Amino acid sequence: MSELSPEVRRRRTFAIISHPDAGKTTLTEKLLLFSGAIQIAGSVKARKASRHATSDWMEIEKQRGISVASSVMQMEYRGCVINLLDTPGHQDFSEDTYRVLTAVDAALMVIDAANGVEPQTRRLLQVCRARNTPILTFVNKMDREVQEPLNLMDEIERELGMTVVPFTWPVGMAKFFGGVLDLRKDQMRVFRPGEDRVAGDEEVIDGLANPALAQRFGAAYEQSAGEIDLVREAAPAFDEAEFLAGRQTPMFFGSAINNFGVQEVLDALVDLAPAPAQRPSLQRTVNPDEKKFTGVVFKIQANMDPSHRDRIAFVRVASGKFERGMRLKVVRSGKELRPNTVVTFMSQRRELLEEAYAGDIIGIPNHGVLQLGDTLTEGEALQFTGLPFFAPEMFRTVEVADPLRTKQLKAGLQQLGEEGAIQVFRPAAGSVLMLGAVGQLQFEVVAHRLEHEYGCKARIAPARYNVARWVTCSDENGGEKELQRFIDHNAHRVAFEPLPVTTVVTLEAAPV
């Protein structure tokens, strides 16, 4: 057994995924609260909330009350190091979420108990299923009028193609919500609304068949007891192998905003979520407890500290031990790094990092040296695979309102393009830059960030294109000349991306 094995075994790296407004960021806050990482949970609200969610650190996130970028938070709980990634729920930012899902070992799916399985949940689950990612399910907002739990359970199984195994079961809903029955511990945790801090004195009643439950909660308890009997007859027992293969999901009920049901989820993540596993590369399979360091860049974020115009490369450690100041090779370019200011995260807040192990997420400040998908090693030529890149579905032209701010516009677009949220194109004919993205909201975020982070107000207008395709050629048999001939004949619909010129892209106009 490697000397790294104990450290690797105590890592848990997971993402929280959901449809917008299911309560994902609220649950993130409460997980941080219950782990002791923060003392008071923030508010996921727009406009004038006095406290904002820890994971919503961008100004536009605070204004709109939504997450537009993935956040990374590390905490310790019950002897485990937990790397938690809060992802955007809105489909316009699904590229960021898809890349984050390649860096985690498990996912926590949040479902709005009133709305059930929603479109973005289905999309994200397809990504998880393609990678056989283990999934835990938290059914949120039981303090409101919601669907019957049996109907929710059936919908999850039918829509997502997974077997559901309830670990807790609700007693009532909305104003009659009494709490949850813990099917594994044979006890009921009684609900109390409106708690901002971890109480530590929650009321627990032992024995699911305790007559006191029927006396206190009446018809709601009787209905829940009958449903539990039905579930135990029909649902299979929890199977760890099926869970780890992504075919079975433990289900929990609660109300994140009221801190209720969060403790059970946090304990389950520690008990059930897997430690870091092997990761495939083009050359070989990399084991997490190997002595040599390897890692992959899955996200780049510009201006986490606006006063320093920094760019942070988020690296998932795949194997070995990272130590500050060690020599690292960027396999794509062959360049060598000796990062001395590597950081660990609590969303925007960060601390200097001395060491990290497989499963950890570390941040390396750089100025364009690292790109999405880059592999870092101690010298070995490895290339990790699986990081998704998408062709844009919407296009806009972008011009600076004040010509004196053109330099700031180009610098801002280059850095935002490196993040992967948008793609920047320079047409072969003409000087007006174009942006490509998956969704409309991405353009709004770009305009906001250009103005507030780079000091240049941009005019973003519709473009006449709706499809982009990358064009490549072989260097043999005069391929470069053929490519140049193609560009010359199609200059009106050819663009280069990103800045500076590296790749040829053809654009097709929308039909009239």
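Among contacts in the protein between residues at least 6 apart in sequence, what share joins residues at least 24 apart? The share is 70%.

**Figure 1. Overview of the predicted model.** The model is a prediction, and the protein in it has 12 helices and 30 strands. Of its 512 residues, 56% count as buried.

**Figure 2. The largest nonpolar core, with 75 residues.** Leu181, Phe322, Ile362 and Leu376 are the residues with the most contacts inside this core. Helix H7 supplies the largest share of the core, 6 residues. Apart from this core lies another one, of 31 residues, which includes Phe14, Ile16, Cys80 and Phe138.

**Figure 3. Surroundings of Leu376, one of the residues with the most contacts inside the largest core.** Neighbours within four places in sequence are left aside here. The residues in contact with Leu376 are then Phe293, Thr294, Gly295, Val315, Leu328, Lys329, Val330, Leu337, Ile364 and Leu370.

**Figure 4. Strand S4 (residues 106-112) and the strands paired with it.** S4 is mostly covered, with 7 of its 7 residues buried. Ala106, Leu108, Val110 and Asp112 point one way from the strand, while Ala107, Met109 and Ile111 point the other way. S1 pairs with S4 in the parallel sense over 5 bridges, and Ile17 has Met109 of S4 as its bridge partner. Strand S5 (residues 135-140) also pairs with S4 in the parallel sense, over 6 bridges. The bridge partner of Asp112 in S5 is Asn140.

**Figure 5. An open sheet of 4 strands in the order S7-S8-S9-S10.** The pairing in this sheet is antiparallel. Strand S7 (168-171) and strand S10 (204-206) each have a single partner strand and stand at the edges, so one side of each has no neighbour in the sheet. On average, and with direction ignored, neighbouring strands are turned by 25° against each other.

**Figure 6. Bridges and side chains along S7, S8 and S9.** Thr168 and Pro170 point one way from S7, and Trp169 and Val171 point the other way. These four residues are all buried. S7 and S8 run antiparallel and are joined by 4 bridges; Pro170 has Val180 in S8 as its bridge partner. Strand S8 (residues 179-182) is in turn joined to strand S9 (residues 187-190) by 4 bridges, and these two strands run antiparallel. Val180 has Arg189 in S9 as its bridge partner.

**Figure 7. Packing of helix H6 (residues 149-160) and helix H7 (residues 211-234).** Two packed helices are described by the angle between their axes and the distance between the axes. Here the axes come within 11 Å and cross at roughly 25°. In the contact, Pro149, Leu150 and Met153 of H6 meet Glu227, Leu230 and Val231 of H7. The contact residues divide into 5 nonpolar, no polar and 1 charged.

**Figure 8. Phe252 in strand S11 (residues 248-253).** The relative accessibility of Phe252 is 3%. Buried means under 20%, so Phe252 counts as buried. Not counting residues up to four places away in sequence, Phe252 touches Leu136, Thr137, Phe138, Val139, Phe167, Thr168, Glu264, Val265 and Ala268. Among these, Val265 is 13 residues from Phe252 in sequence and 7.0 Å away in space, C-alpha to C-alpha. Thr168, also touched by Phe252, is one of the buried residues of S7.

**Figure 9. Arg10 in the loop between helix H1 (5-9) and strand S1 (11-18).** Arg10 has a relative accessible area of 24% and is partly exposed. Not counting residues up to four places away in sequence, Arg10 touches Glu76, Gly79, Cys80 and Val81. One of these, Cys80, belongs to the core of 31 residues. Arg10 and Gly359 are 349 residues apart in sequence, and their C-alpha atoms are 9.4 Å apart in space.

How values were computed. Residues are numbered from 1 along each chain as its sequence is written. This is a predicted model: local features need pLDDT of at least 70, side-chain atom pairs count only at pLDDT 80 or more; totals for chains, interfaces and linings use all residues. Side-chain values use heavy atoms; hydrogens and water are left out. Axes are lines fitted to C-alpha atoms, for helices over the stretch in contact, and angles run from 0 to 180 degrees between N-to-C directions. Contact means heavy atoms within 4.5 Å. Ala, Val, Leu, Ile, Met, Phe, Trp, Tyr, Cys and Pro count as nonpolar, Asp, Glu, Lys and Arg as charged, and the others, Gly among them, as polar. Two strands pair if DSSP finds at least two bridges between them. Buried means under 20% relative accessible area, exposed over 50%, partly exposed in between (1.4 Å probe, protein chains only). A nonpolar core is a set of buried Ala, Val, Leu, Ile, Met, Phe, Trp, Tyr and Cys residues joined through side-chain atoms within 4.5 Å.
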